Amino acid sequence: MTPEKRLEIEEKAVTMLRTVYDPEIPVDIYSLGLIYKIDVDDEGILHVDMTLTAPNCPAADFLVEDARIKLESIDGVNGVDIKVVFEPEWNKDMMSEEAKLELGFL
């Protein structure tokens with residue numbers, strides 16, 4: 001896979017992840033800073049490391065599946081591998097300025 005195609009897929013992945021919302025928070029998971037890594041390998045497998053706002057997040061399964069379904073729809077993606085990680089631990093400083101504004105942290 002060419003570097004240009006990888007970059008294109010990674011950019012589309014960001015766009016798709018911006019459509020995944022935690023049902024309890026009116027901000028997408030990308031803007032919340034929950035996405036730690038997006039990488040495409042030579043076989044077209046999209047690898048994503050993400051975290052949750054809390055380890056016992058009741059929406060965890062929903063968020064991961066919603067992200068997986070949307071990422072699998074990207075042209076050129078042959079599979080999606082999502083790992084939920086807790087290192088580094090998420091905190092509100094990881095949110096985008098827009099997310100902080102939306103949630104009243106600014």
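Hi everyone. First, a word on what we are looking at. This is a predicted model, where local features need pLDDT of at least 70 and side-chain atom pairs count only at pLDDT 80 or more, while totals for chains, interfaces and linings use all residues. Residues are numbered from 1 along each chain as its sequence is written, and side-chain values use heavy atoms, with hydrogens and water left out.

Let's start with the overall fold. The protein chain has three helices and three strands; these are DSSP runs, helices being H or I of at least four residues and strands E of at least two, numbered from the N terminus.

How does the radius of gyration of the protein chain agree with that of a compact globule? For 106 residues, a compact globule would be near 13 Å, and the protein chain has 14 Å, which agrees. That radius is taken over C-alpha atoms, and the globule rule is 2.2 Å times the number of residues to the power 0.38. The C-alpha trace spans about 40 × 25 × 25 Å along its principal axes.

Now let's go inside. Of the 106 residues, 42% count as buried, meaning under 20% relative accessible area, with exposed over 50% and partly exposed in between, using a 1.4 Å probe and protein chains only. In soluble globular proteins, nonpolar side chains tend to be buried together. Here the largest nonpolar core has 31 residues, and Ile29, Leu46, Leu71 and Ile82 have the most contacts inside it. Such a core is a set of buried Ala, Val, Leu, Ile, Met, Phe, Trp, Tyr and Cys residues joined through side-chain atoms within 4.5 Å. At least two residues of this core come from each of α1 (3-17), β1 (35-40), β2 (45-50), α2 (60-72) and β3 (79-84). The largest share, five residues, comes from α2.

Take a look at Ile29. Apart from neighbours within four places in sequence, Ile29 is in contact (heavy atoms within 4.5 Å) with Leu17, Val20, Leu34, Ile35, Met50, Leu63 and Ala67.

Finally, find Ala59, in the loop between β2 and α2. Is Ala59 buried or exposed? Ala59 is buried, because its relative accessible area is 7%. Not counting residues up to four places away in sequence, Ala59 touches Asp22 and Pro23. Gly76 is 17 residues from Ala59 along the chain, and their C-alpha atoms are separated by 28 Å.
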